[in-house]
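Look at the sequence and the model side by side. Keep both in view as you read. Which side chains meet, and where do they sit?

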Amino acid sequence: MDGAAAAADEKKKHAYSLWGVPPKDVTIRLKKLIDGLRSEFGGPEFQPHVTVVGAVHLTEQDALSRFNSACEGLKPYAAAVVEASSHCGGHFGYKRSTPYMPHLSLLYI
């Protein structure tokens, strides 16, 4: 890849989202439930998570910079998803079209 192509690739935007991941023991139980529902109803495979910030389009470098910045003011939390979403959403410049509704998806179809 020449220098111009590499520079263009660095500026290419991708969709990123920020997830809260449950503890390992909870993840294992949720994954079994999710996999059972997927085998019965179809849909893609995905890891158990609570979306903290929905899809934003950023360059890889910008996404990493914003992620690191957001992490500086955030500690592990038990259930403060609304506050974490507001905090991280501000760092990512995420604009909500509707109020944030914390949820954990069990099936995508």
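Start with A70. Leaving aside residues up to four places away in sequence, A70 touches H87, C88, H91 and F92. Contact here means heavy atoms within 4.5 Å. This is a predicted model: local features need pLDDT of at least 70, side-chain atom pairs count only at pLDDT 80 or more, and totals for chains, interfaces and linings use all residues. Residues are numbered from 1 along each chain as its sequence is written, and side-chain values use heavy atoms, with hydrogens and water left out.

A70 also belongs to the largest nonpolar core. Such a core is a set of buried Ala, Val, Leu, Ile, Met, Phe, Trp, Tyr and Cys residues joined through side-chain atoms within 4.5 Å. Buried means under 20% relative accessible area, exposed means over 50%, and partly exposed lies in between (1.4 Å probe, protein chains only). The core has 10 residues: L18, V52, V53, V56, L58, A63, A70, A84, C88 and F92. Two or more of them come from each of β2, α3 and α4 (81-92). The largest share, four residues, is from β2. These labels follow DSSP runs, numbered from the N terminus: helices are H or I with at least four residues, strands are E with at least two.

Now turn to charge. Side chains of opposite charge can pair when their charged atoms come close. A salt bridge is a side-chain nitrogen of Lys or Arg within 4 Å of a carboxyl oxygen of Asp or Glu. By this rule there are four salt bridges.

One of them joins K31 and E45, at 3.3 Å from N to O. This pair links distant parts of the chain: K31 is in helix α2 (residues 24-41), while E45 is in the loop between α2 and β2 (50-59), 14 residues apart. E45 is exposed, at 53%.

Another bridge pairs D35 with R38, whose closest N and O atoms are 3.5 Å apart. D35 and R38 are three residues apart in helix α2, so about one helical turn separates them. D35 is partly exposed at 25%, and R38 is partly exposed at 24%. K31, D35, R38 and E45 are linked in a network of salt bridges.

Move on to helix α3 (residues 60-72). There R66 and D62 lie four residues apart, about one turn of the helix. They form a salt bridge, with the closest N and O atoms 3.0 Å apart. R66 is partly exposed at 25%, and D62 is partly exposed at 27%.
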